[in-house]
Amino acid sequence: MKLKILHLYPREMNLYGDHGNVLAIKRRCEWRGIKVEIIEHEPGDNIPDDIDIIFGGGGQDSGQGKIEDDLQAIAPKLKDLIDNNTPCLVICGVYQLFGKYYKTGSGKTIKGINVFNITTDAGKERYIGNVTIKSNEFGEIVGYENHSGLTKLGENMKPLGEVIVGAGNNAKDKTEGCHYKNCIGTYLHGPILPKNPKLTDFFIAKALERKTGQKTKLDRLDDAVENMAHAVATKRPR
Amino acid sequence: MEKLSIILGKTVQRITRLRGGGSALPGLVIEHFDPKFINKELSKLPHGVVVISGTNGKTTTTKIVTELLEKQDLKVFTNNTGSNFVRGVISAILEDIKLNGEFDYDIAVLELDEAHAVKFSEVAPIDYALLLNVQRDQLDRFGEIDHTADLLQKVATATQKIVVLNREDPRVGEIKAAKTEYFGLSDKLIKKFPSDDDLITKQRTKSSDKTASVIFKDLHDNQATYTFGKKDYIVNLQLKGMYNAYNVAGALALCHSILPNTKMQRFCDDLTEIKSAFGRGESFQINDAEVELLLVKNPSAFQLSIASFADSDCEFMIAINDKIADGRDVSWLWNVDFSALKNIKMVSGIRAYDMALRLKYDNIKTDLVVEDLEAAVRKFANGSKKHKRIFATYTAMLEIRKIISGKSIL
């Protein structure tokens, strides 16, 4: 068994160690005897058909500008994959662009690709610090946020979780992230997956399920270190 | 006015000291009472003001430059208390200035971080600047790496004589100034120096084509070779690590700009006597074993430290804190590739488990996780007689230094 991970824009969108998420998926596959191939997608590249997991990390504003056109070009393909239940994780900058639009501080509107029915407007304040959220499906999730964008979920859009500590989508409605089919968008860096192994395994299990056509039970791993690091993060000051 | 400022500043200094207070308050008071004070005093210096800035290597490079100039009989004013901002500089001036306004120095060599270097340039003259690099450091403070490059451009624009730039840094190499000098790496060494962009993707194989006045050509153990004006200079450094040997190239290019008539050989001879700065490769002797303490503040510094030391036969400990001075966000650990290290004896600090987790995902074995620094250092240092190295974030470094020099573990 081999899973193919599509890593969107590793060069332009590479802030805050987000690519650690790809490493988390890779290792937790390898430790279970599942092979992994990582396909790095840069602007201009074609997207293969047989992608099993999609990942896109956060970046700076200049990075967002550089990927804008390419993202529109590959949007039909991405949306097709996601509508067909391909697991997908997008963080911060790419999360915003998976919505309808992102309006920057200088008033410029960057068009999104409408995977999520969400909108984002740059706010005046920057939200920085440790975050804890609670999700019905994944339990407690920890991460670190650093954004000024204020994201509003549209009708029928489910958040990833409820904010316990931190700002989340917009510092108002206590929602964090967005969850549509097997696609999750979030502001959480950290990176999010290593300290939340349940979430990592969700992407792996869904990918295997989609590939084999049957429900998969993953081999259990020893997550003692993951759980300790998770517990410490919940106790640190914002 | 000047005399009044000096008396006021010195009085505040005496009172804060009696109360056991910090070093910044006198500076703060004078900054408001007499905003032109710093400009007035620093303008008196015959050789002017040097600012050293960049993400990594400021403290060590400032130490190297200061000592090289002192060995040329210049009296150097520097902010070596670690007061890395304008207020700290004013406090340091107040410390040294005489009541009659006599400020008996030839030149000032100041270490300033990017944001404070810009603030400094708005209130004081800069004659020379040495800009080392722009790398990811505490992004929670500055927001973004491109913004940091803009800050250094402002410093360069404000510099009146010569700006010395690291030509191999993709952002610093592009900085514009009226008069620039460059320092750089040979093609051989550039492969060992990942720039910040390269940490994620490709490794460079060729150095920049800008003409550099000093090139760091080669390094064998602690023997470094520098090329200056087509001639090679071989220097036995006491400074540890490849990155410090590269900082030396910047220091040499800067010192040559300041004292163009001094022979390069003299600077190189003096270099052999310069030791590492506080917590930046300092060595301690504990129970017959040498323990080296290495500050790692950000991914680039950590990566270079690993590249310098991974292959040596020694034992490693890593200590990670997440206090304000370390940066609350520990995600930067995932921007470091640890795979060159085979085994880690000990991880410690507030975020010890984050470090253990990071190593786990590079398939590296960690023998022990002990969050408490004192217990961890005791256990680590009292193990074998092998040479030991401790990588530590800023506040962890300070604590460990205290533990070791307090001899509480001997």
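**Exercise 1.** Determine which residue in strand 5 of chain B stands opposite Leu130(B).

*Solution.* Step 2: strand 4 (residues 126-131) and strand 5 (residues 159-166) of chain B pair in the parallel sense over five bridges. Strands pair if DSSP finds at least two bridges between them; strands (E, at least two residues) and helices (H or I, at least four) are DSSP runs numbered from the N terminus.

The model is predicted: local features need pLDDT of at least 70 and side-chain atom pairs 80 or more, while totals for chains, interfaces and linings use all residues. Residues are numbered from 1 along each chain as its sequence is written, and chains are lettered from A and ligands numbered from 1 in the order in which they are written.

**Exercise 2.** State the strand order of the open sheet in chain B and identify its edges.

*Solution.* Step 1: nine strands follow the order 2-3-1-4-5-6-7-8-9, with mixed pairing. Step 2: strand 2 (76-78) and strand 9 (231-236) of chain B each have a single partner strand, so one side of each lacks a neighbour in the sheet.

**Exercise 3.** Describe how strand 10 and strand 11 of chain B are connected.

*Solution.* Step 1: strand 10 (residues 280-286) and strand 11 (residues 289-295) of chain B run antiparallel, joined by six bridges. Step 2: Ile286(B) has Ala289(B) as its bridge partner. Step 3: two residues lie between the strands of this hairpin, and Asn287(B) in the turn has a positive phi of about 45 degrees.
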